[in-house]
Amino acid sequence: MKVSIIGCGYVGLTTGLALAELGNEIILVDVIPEKLKVIEQGRSPFYEPDVDEMISKHISSRAITTSMDLKEAVNSTEITFITVGTPSREDGSMDDTYIRSASGNIGEAIKDKEGFHVIVMKSTVVPGTTDITIRSTIDEVSGLGSGEGYGLAMCPEFLREGAAMYDSLNPDRVVIGTHEDRTFEILSKLFEPLNSDILRTSPTSAEMIKYTSNSLLATKISFANEISRICEEVGVDVYEIMKGVGMDSRISPQFLRAGVGFGGSCFPKDVSALMHIAKEMGLKTPILDGVMENNDIQPYHLVDIADRSIGGIKGKKALILGLAFKPDTDDIRSTRSLPVVMNLLEKGAIVAGHDPKAIDNFRSEAPDIEYFEDMNMGVDWADIIFLMTEWTEYKEIDWSTKDHVEAIFDGRRTIDTSKIEDINYWSMGRVLPDW
Ligand code: UGA
């Protein structure tokens with residue numbers, strides 16, 4: 001099928017690549033020419049495993065082309081995905097400016113188009129956005145009615161950064177939220193090669209499924225982190241506890257890894273948006289409030305443990321290993337490393353950072369700290385280490401040559417403790433050090 005994709009961010013680009021991989025013809029549309037130029041050169045505008053190789057393959061075969069002309073792209077395709085950004089406002093609510101403008105432009109494009117055109121919302125949006133905002137904007141601008149003049153659906157994206165291509169091609173489920181049989185059939189055919197379970201819902205249910213999934217995953221993490229702080233005082237290891245808990249098939253071991261909390265562009269934003277919607281409806285959200293509160297505590301808890309265990313961190317040279325919000329990405333949005341850096345600076349430490357991919361992005365948030373491109377040079381410089389992102393290379397540090405390091409504070413349970421002998425080591429959810 002011929003598919004246009006409006007918005008070449010994370011979701012748009014990976015959706016385009018996955019659909020090209022399934023044999024479709026894709027036109028990627030964006031308003032930023034530099035971004036399209038990078039893609040045309042067969043490169044990714046962001047770091048993500050496998051994406052460079054796939055862009056290069058599909059750009060050279062012309063299965064993927066790019067365009068700044070939305071009208072032309074919509075007119076020469078059968079299906080259009082909306083994958084524009086949905087940033088948070090100050091109060092946690094979702095900013096729908098880009099969605100309104102994309103919907104208006106698509107409405108304008110399909111006005112005189114021959115044949116049935118399907119429009120699919122894929123960005124994460126608050127419940128009601130597709131059925132109310134998008135539908136009314138397109139109806140008004142195009143003069144057509146959804147279901148007859150054009151098809152409308154909401155299909156949420158469930159991919160994880162760092163595993164985006166794998167997740168896009170091997171989803172646990174595909175949710176198609178539409179009121180229309182014709183639209184459902186067209187999209188079922190498009191997604192059929194994924195061999196995944198398909199769930200049909202209304203667009204609003206599809207939107208709510210996405211928010212609920214992310215909120216539940218974030219809840220599992222915050223729950224594990226709260227239990228982790230209790231385990232420290234009880235004198236047991238939270239990883240052993242969660243192993244035992246996760247063996248219950250009703251619970252599953254996934255997303256119970258205690259640590260410095262969740263970051264990224266999705267969990268903090270989506271939980272906040274859901275809380276905001278609920279508050280607007282006059283509802284209380286004690287669980288979601290607690291999820292966010294717990295997530296805020298963890299980075300400070302790590303610094304607090306460090307401060308207490310070595311008798312103060314003023315004047316200590318502290319190296320942050322890992323600046324990205326998770327490994328295999330250069331994304332630093334809501335990274336837990338930033339509150340740790342700021343808190344260490346407040347306490348008078350001399351701070352430096354290392355990350356295999358995210359230094360440039362992090363530098364714009366923390367321009368005044370030092371950065372090491374070479375991980376070993378950073379470790380050689382440091383008195384104390386804060387491990388914030390579980391990059392594989394950090395597992396390979398030869399600690400036997402680093403016994404000048406006074407202590408390691410592992411926020412992600414990454415280091416193999418059998419490889420460190422003379423260095424004090426502490427990680428989240430472990431028995432507290434003697435002080
Ligand atoms: C998340 C969801 O997992 C995806 O299903 C969803 O599509 C995506 O948001 C989105 O809405 O776009 P992502 O934020 O890319 O994906 O990354 P995750 O692997 O979920 O990790 C999020 C954060 O949680 C990271 O900071 C990670 O370190 C942390 N985490 C994850 C934990 O602290 N403990 C865990 O057990 C798992």
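## Salt bridges

E40 is partly exposed, with a relative accessible area of 30%; here buried means under 20% relative accessible area, exposed over 50% and partly exposed in between (1.4 Å probe, protein chains only). The model is predicted: local features need pLDDT of at least 70 and side-chain atom pairs count only at pLDDT 80 or more, while totals for chains, interfaces and linings use all residues. Residues are numbered from 1 along each chain as its sequence is written, and side-chain values use heavy atoms, with hydrogens and water left out.

The structure holds 21 salt bridges, a salt bridge being a side-chain nitrogen of Lys or Arg within 4 Å of a carboxyl oxygen of Asp or Glu. In one of them E40 meets R62 at 3.6 Å, N to O. E40 belongs to helix α2 (residues 33-40) and R62 to the loop between α3 (51-60) and β3 (64-67), so the bridge ties together parts 22 residues apart in sequence. Helices (H or I, at least four residues) and strands (E, at least two) are DSSP runs, numbered from the N terminus. R62 is partly exposed at 46% relative accessibility. R250 and D248 also form a salt bridge, at 2.8 Å, N to O; R250 is exposed at 73%, and D248 is partly exposed at 22%. E161, D331 and R333 are linked in a salt-bridge network.

## Around E390

E390 forms a salt bridge with R412 (3.9 Å, N to O). This pair links distant parts of the chain: R412 is in the loop between β13 (407-410) and β14 (424-427), and E390 in the loop between β12 (384-387) and α16 (392-395). R412 is buried, at 16% relative accessible area.

P327, in the loop between β9 (317-321) and α13 (337-346), has its C-alpha atom 5.9 Å from that of E390, although the two are 63 residues apart along the chain. Beyond neighbours within four places in sequence, P327 contacts G162, T389, E390 and W391, contact meaning heavy atoms within 4.5 Å. P327 is buried at 15% relative accessibility.

## Nonpolar cores

The largest nonpolar core has 51 residues, and L344, F386 and W399 have the most contacts inside it. Such a core is a set of buried Ala, Val, Leu, Ile, Met, Phe, Trp, Tyr and Cys residues joined through side-chain atoms within 4.5 Å. A second, separate core of 38 residues includes I6, A102, I119 and V126.

## Cysteines

The disulfide count is zero, a disulfide being a pair of cysteine sulfur atoms within 2.5 Å. For C8, the nearest cysteine sulfur is that of C266, 17 Å away. C8 is buried at 1% relative accessibility, and C231 is buried at 5%.
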